[in-house]
Amino acid sequence: MADVNRGNRPLSPHLTIYRPQLTSMTSILTRITGNALLITALLIVWWFLAAATSAEYFDTVNGVLTSWFGDLVLTLSVLGLWYHTLAGIRHLIWDTGRMLDIPTAEKLGWTALIGSVVLTILTIIIV
């Protein structure tokens, strides 16, 4: 039977209705950093292949990766790696059934965000 009340029903909830929550944003960021790390891995493979190919090709690829743009990409990759690692640890904790209440979950989200920035800065300073 056709739904005669179709025009009066509310729309399905979507991003313009829901307020973004920290846990959802950190979940999306975890997926983004995971995909970005794949691109970083491809850049590193490109660098290794260039090293195995010829000195001229290696100089070209190494010039790209050590330029200001390459430094920016690799620094953001380190940030993404730290964030993805800390978010993965957070999910391992959740897999045990612990810290699932909203206030603690938000604290873990802030820990992953702030911790990744701090660990990235420490990595840059030490390395």
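Buried means under 20% relative accessible area, exposed means over 50%, and partly exposed is what lies in between. Keep this rule at hand for the exercises below, which explore a predicted model.

**Exercise 1. Sort F69 and W68: is each buried, partly exposed or exposed?**

Step 1: F69 has 48% relative accessibility, so F69 counts as partly exposed.
Step 2: W68 has a relative accessible area of 68%, and is therefore exposed.

**Exercise 2. Work out how the rings of W47 and F48 are paired.**

Step 1: By the ring-centre rule, the count comes to three aromatic pairs.
Step 2: W47 and F48 form one that is tilted, with 5.4 Å centre to centre and 55° between the planes.
Step 3: W68 and F69 also pair, this time edge-to-face, at 5.9 Å centre to centre and 80° between the planes.
Step 4: Now for accessibility: W47 is partly exposed at 30%, while F48, at 52%, counts as exposed.

**Exercise 3. Describe how helices α3 and α4 pack.**

Step 1: Helix α3 spans residues 68-95 and helix α4 spans residues 102-126.
Step 2: The two pack at an angle of about 145°, their axes 8 Å apart.
Step 3: The α3 and α4 crossing is right-handed.
Step 4: The residues of this contact comprise 14 nonpolar, seven polar and one charged.

Note on methods
Residues numbered from 1 in each chain as written. Predicted model: local features only at pLDDT ≥ 70, side-chain atom pairs only at ≥ 80, totals over all residues. Heavy atoms only, no water. Axes fitted to C-alpha atoms, helices over the stretch in contact; angles between N-to-C directions. Helix = DSSP H or I, 4+ residues; strand = E, 2+ residues; numbered from the N terminus. Left-handed = near helix turned anticlockwise from the far one by under 90°. Nonpolar A, V, L, I, M, F, W, Y, C, P; charged D, E, K, R; others polar. Phe/Tyr/Trp six-rings, centres within 6.5 Å; stacked < 30°, edge-to-face > 60°. Buried < 20%, exposed > 50% of the residue type's maximum accessible area, 1.4 Å probe, protein only.
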